[in-house]
Amino acid sequence: QTNNPIVAAPGASLSLYVTDIIVSNGATAGTVKFVEDTGGTHVILIDVVYIAINGGFVSHFKQPLKLTANKDLGYTSVTVTTHTIYVAGYTAA
(Lines give C-alpha, C1' and ligand atoms only; values in the text may rest on other atoms or scores of the structure.)
Protein backbone atom coordinates (compact mmCIF):
# COMPACT_ATOMS: atom_id res chain seq x y z
CA GLN A 1 0.00 0.00 0.00
CA THR A 2 1.29 3.47 -0.83
CA ASN A 3 -0.29 6.56 0.73
CA ASN A 4 -3.47 4.57 1.35
CA PRO A 5 -6.16 6.66 3.11
CA ILE A 6 -7.36 5.20 6.41
CA VAL A 7 -9.25 8.13 8.02
CA ALA A 8 -10.98 10.66 5.74
CA ALA A 9 -10.43 14.40 5.91
CA PRO A 10 -12.99 15.85 8.35
CA GLY A 11 -13.94 18.98 6.37
CA ALA A 12 -13.09 22.66 6.25
CA SER A 13 -11.63 24.14 9.45
CA LEU A 14 -11.68 20.73 11.22
CA SER A 15 -8.66 18.64 12.22
CA LEU A 16 -8.21 14.99 13.07
CA TYR A 17 -6.70 14.31 16.50
CA VAL A 18 -5.17 10.83 16.71
CA THR A 19 -4.96 9.33 20.20
CA ASP A 20 -4.03 5.70 19.43
CA ILE A 21 -2.67 3.62 16.57
CA ILE A 22 -2.54 -0.18 16.63
CA VAL A 23 -1.09 -2.31 13.82
CA SER A 24 -1.00 -6.10 13.64
CA ASN A 25 0.89 -8.09 11.03
CA GLY A 26 0.80 -11.56 9.51
CA ALA A 27 3.41 -13.96 8.16
CA THR A 28 5.87 -11.52 6.54
CA ALA A 29 7.89 -8.86 8.36
CA GLY A 30 7.88 -5.34 6.94
CA THR A 31 7.40 -1.65 7.61
CA VAL A 32 4.57 0.84 8.01
CA LYS A 33 4.65 4.63 8.10
CA PHE A 34 1.80 7.10 8.62
CA VAL A 35 1.22 10.20 6.52
CA GLU A 36 -1.14 13.15 6.32
CA ASP A 37 -2.71 14.31 3.02
CA THR A 38 -2.51 11.14 0.94
CA GLY A 39 -3.90 12.84 -2.18
CA GLY A 40 -1.57 15.84 -2.11
CA THR A 41 1.88 16.63 -0.81
CA HIS A 42 1.95 14.08 1.97
CA VAL A 43 3.65 14.83 5.27
CA ILE A 44 5.18 11.99 7.29
CA LEU A 45 3.62 11.86 10.76
CA ILE A 46 5.19 8.64 12.01
CA ASP A 47 8.24 7.48 10.09
CA VAL A 48 9.07 3.86 9.39
CA VAL A 49 7.97 1.35 12.03
CA TYR A 50 9.46 -2.14 11.67
CA ILE A 51 6.94 -4.92 12.33
CA ALA A 52 7.99 -8.52 12.94
CA ILE A 53 6.34 -11.67 11.64
CA ASN A 54 3.03 -12.06 13.54
CA GLY A 55 4.01 -8.91 15.41
CA GLY A 56 2.50 -5.53 15.99
CA PHE A 57 2.88 -1.89 16.91
CA VAL A 58 0.90 0.05 19.52
CA SER A 59 1.17 3.76 20.20
CA HIS A 60 -0.93 5.70 22.72
CA PHE A 61 -0.24 9.42 22.49
CA LYS A 62 -0.30 11.44 25.75
CA GLN A 63 -0.83 14.52 23.61
CA PRO A 64 -3.07 13.69 20.62
CA LEU A 65 -1.38 13.91 17.24
CA LYS A 66 -3.09 16.85 15.47
CA LEU A 67 -3.30 16.78 11.69
CA THR A 68 -3.54 19.89 9.54
CA ALA A 69 -7.12 21.10 9.06
CA ASN A 70 -9.08 19.19 6.40
CA LYS A 71 -6.30 16.63 5.75
CA ASP A 72 -6.74 12.86 5.81
CA LEU A 73 -4.63 10.21 7.55
CA GLY A 74 -3.04 7.44 5.53
CA TYR A 75 -0.29 4.88 5.58
CA THR A 76 2.32 3.22 3.43
CA SER A 77 3.19 -0.42 4.08
CA VAL A 78 6.03 -2.44 2.59
CA THR A 79 6.17 -6.26 2.54
CA VAL A 80 3.82 -6.76 5.50
CA THR A 81 1.04 -9.26 4.83
CA THR A 82 -2.51 -9.57 6.12
CA HIS A 83 -2.08 -6.49 8.28
CA THR A 84 -4.75 -4.54 10.13
CA ILE A 85 -4.63 -0.96 11.34
CA TYR A 86 -6.83 0.60 14.01
CA VAL A 87 -6.84 4.35 14.58
CA ALA A 88 -8.66 6.05 17.47
CA GLY A 89 -9.19 9.75 17.95
CA TYR A 90 -11.61 12.58 17.36
CA THR A 91 -12.37 15.57 15.14
CA ALA A 92 -12.40 19.15 16.38
CA ALA A 93 -11.98 22.72 15.18
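**Exercise 1. Work out how many aromatic pairs the structure holds, and how the rings are arranged.**

Step 1. Start with the count: there is one aromatic pair in the structure. Rings of Phe, Tyr and Trp (its six-membered ring) are paired when their centres lie within 6.5 Å; planes under 30 degrees apart count as stacked, over 60 as edge-to-face, and the rest as tilted.

Step 2. Now apply the criteria. The ring centres of Tyr17 and Tyr90 are 5.0 Å apart and the planes meet at 5 degrees, so this pair is stacked.

Step 3. Strands (E, at least two residues) are DSSP runs, as are helices (H or I, at least four), numbered from the N terminus.

Step 4. Check the exposure, where buried means under 20% relative accessible area, exposed over 50%, and partly exposed in between (1.4 Å probe, protein chains only). Tyr17 counts as buried because its relative accessibility is 15%, while Tyr90, at 40%, counts as partly exposed.

Before going on, please keep in mind that this is a predicted model: local features need pLDDT of at least 70, side-chain atom pairs count only at pLDDT 80 or more, and totals for chains, interfaces and linings use all residues. Residues are numbered from 1 along each chain as its sequence is written, and side-chain values use heavy atoms, with hydrogens and water left out.

**Exercise 2. Describe the sheet that contains β2 and β7.**

Step 1. Find the strand order. This open sheet of three strands runs β5-β2-β7, with antiparallel pairing; two strands pair if DSSP finds at least two bridges between them.

Step 2. Identify the edges. β5 and β7 are the edge strands, each pairing on one side only.

Step 3. Zoom in on one pairing. Nine bridges join β2 and β7 in the antiparallel sense, and Leu16 stands opposite Thr91 in β7.

**Exercise 3. Trace the pairing partners of β6 and its cover.**

Step 1. Strand β1 (residues 4-7) pairs with β6 in the antiparallel sense over three bridges. Asn4 has Tyr75 as its bridge partner in β6.

Step 2. β3 and β6 also run antiparallel, joined by six bridges. Here, Val35 has Gly74 as its bridge partner in β6.

Step 3. Finally, β6 is mostly covered, with five of its six residues buried.

**Exercise 4. Find the salt bridge and judge the exposure of its partners.**

Step 1. The structure holds one salt bridge (a side-chain nitrogen of Lys or Arg within 4 Å of a carboxyl oxygen of Asp or Glu). Lys71 forms this salt bridge with Asp37, and the closest N and O atoms are 3.5 Å apart.

Step 2. The pair links distant parts of the chain, 34 residues apart: Lys71 lies in the loop between β5 and β6 (73-78), and Asp37 in the loop between β3 (30-36) and β4 (43-51).

Step 3. With 27% relative accessibility, Lys71 counts as partly exposed, whereas Asp37, with 16%, counts as buried.
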